[in-house]
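Please find below some notes for a colleague who is opening this structure for the first time. They begin with confidence and then turn to the aromatic rings.

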Amino acid sequence: MASSAGGYRVAPARLEAAAAELEQRAGVLKTAQTALAGENVPAAAFGRVSASNAASATFTKTIKDVAGKLDGQLTKATVIHQGLTAAAGGYRRADVQIAASYRALMPENPLPKAGNPAGIGGSADTGQWATAIARNRVKVSDALTAERDRLANLLAHGGKADDIANARTRIALYEDILANDRQILRFDSAGNGRIAELVGRIEPGTRNVGLFVPGVNTSFGNFQSYADLGKSLVAADATGRTAMVVWADGVFPQNVITEGPAAHYAQTMAPELKAFGDELRGQIDSHAGPGVVVTAIGHSYGGATVGLAEQLGLRADQVLHVESAGMGHGIWSPDDLPASQAGVQRYSMTAPLDPIVVAQGNAGLIEWLGAGHGADPDRFPGVVELETGRDANGALQWGFDSHSGVLKPGSDSWNNVYGVLTGGPVTHEGFTGGSLREMAVEGVGRGL
């Protein structure tokens with residue numbers, strides 16, 4: 001901070017730089033603390049005399065005391081780092097809010113001027129998306145009324161337990177949307193439901209926008225879990241520069257065995273996703289301006305959908321495949337993608353022994369029959385394979401549970417998703433990935 005006219009002028013960038021430096025120093029402290037905490041010198045190291053045990057005990061106590069002090073310093077450094085980061089984010093958000101207040105006094109679509117050739121103005125609360133959000137709020141309200149009537153009818157006439165549970169889940173979703181003024185961009189309650197939600201804001205200062213596409217079994221019954229993923233990623237960025245769109249505006253396969261291998265669901269959704277991507281870019285251009293990085297994230301069947309949307313020219317700067325079924329039906333090499341995708345940076349992660357590996361890279365008869373999802377993203381040329389396989393507690397994460405478990409905050413995979421989305425640090429496969437896969441295989445062999 002610097003004084004100015006009797007007050008202070010805050011530079012958020014300097015706060016962020018100080019936070020980054022402190023985080024690096026905290027990492028050094030953590031390494032030293034971990035090494036000391038695990039230090040154990042046997043009494044024999046002090047010679048085989050009567051005082052050896054006492055000397056060993058004294059040494060061990062000293063090491064533990066030093067490790068404890070380092071742990072205390074590490075805690076202080078972490079608290080200060082979090083404070084600096086939060087402060088920088090708060091100042092940036094204040095700047096944005098003040099700017100928004102001034103913009104509210106101006107016409108929604110100002111004419112282009114020198115220094116503003118694109119005529120950028122307004123906020124996430126104006127324009128096409130604001131209209132869609134308002135209209136969808138009415139749709140959600142109507143759907144809530146209808147679902148409450150449906151539930152009452154089911155309860156009065158002994159409806160099936162599954163139908164009653166489904167009605168209650170939908171009611172909870174609709175009520176939460178209305179109570180929290182959630183930004184619903186697409187909404188259709190028919191069938192399993194179709195929905196897309198903006199989490200965060202696209203406005204001046206926004207620099208990272210994620211477009212998340214889920215997979216098999218996606219419906220109104222589990223949409224909240226994906227919305228929560230979006231919230232966790234947006235909330236983790238204290239600078240307020242990240243937004244997420246959770247896109248489930250399609251008809252998803254509902255059975256992993258009978259429908260999961262089919263390509264036609266992804267082939268149908270891909271054009272709609274590509275069109276939405278164009279709309280998203282338009283919103284970014286008009287409300288945030290240049291310099292925003294868009295990351296398309298496909299989970300499970302959603303990876304195949306994103307891949308086919310890429311084949312149609314999806315406007316994403318980065319693509320991340322998470323436990324992905326494949327690069328998309330018929331996509332086996334970069335030559336199967338248009339020239340517009342040549343500059344896209346791609347990443348992939350697959351947890352050890354996730355059953356999705358059975359779907360990845362299937363060729364031959366299965367593709368000829370109209371099934372299969374193209375190349376294995378982990379092995380696709382140019383893709384950076386990222387580490388996954390540890391949950392938030394550091395425990396091994398593998399097998400069936402890992403397929404969705406990788407999306408849980410704090411896991412190494414969630415950290416990598418956040419790193420790709422925000423341009424932060426990521427861990428690549430190869431640092432510990434090989435050992436994780438070997439450990440998983442060994443665990444299966446032992447019946448663990």
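**Notes on the predicted model**

1. Where pLDDT is low, the predicted coordinates should not be read in detail.

2. This is a predicted model, in which local features need pLDDT of at least 70 and side-chain atom pairs count only at 80 or more, while totals for chains, interfaces and linings use all residues. Residues are numbered from 1 along each chain as its sequence is written, and side-chain values use heavy atoms, leaving out hydrogens and water.

3. The mean pLDDT of the chain is 82, and 73% of its residues reach 70 or more. Of the 448 residues, 44% count as buried (under 20% relative accessible area, with exposed over 50% and partly exposed in between, using a 1.4 Å probe and protein chains only).

4. Seven aromatic pairs are counted, where rings of Phe, Tyr and Trp (its six-membered ring) pair if their centres lie within 6.5 Å, planes under 30 degrees apart being stacked, over 60 edge-to-face and the rest tilted. Tyr-265 and Tyr-301 have ring centres 6.4 Å apart and planes at 80 degrees, so this pair is edge-to-face. Tyr-265 is buried at 15% relative accessibility, and Tyr-301 is buried at 1%.

5. Trp-414 and Tyr-418 form a stacked pair, 5.7 Å centre to centre with 0 degrees between the planes. Trp-414 is buried, with a relative accessible area of 9%, and Tyr-418 is buried at 19%.

Conventions:
pLDDT is the predictor's confidence in each residue, from 0 to 100.
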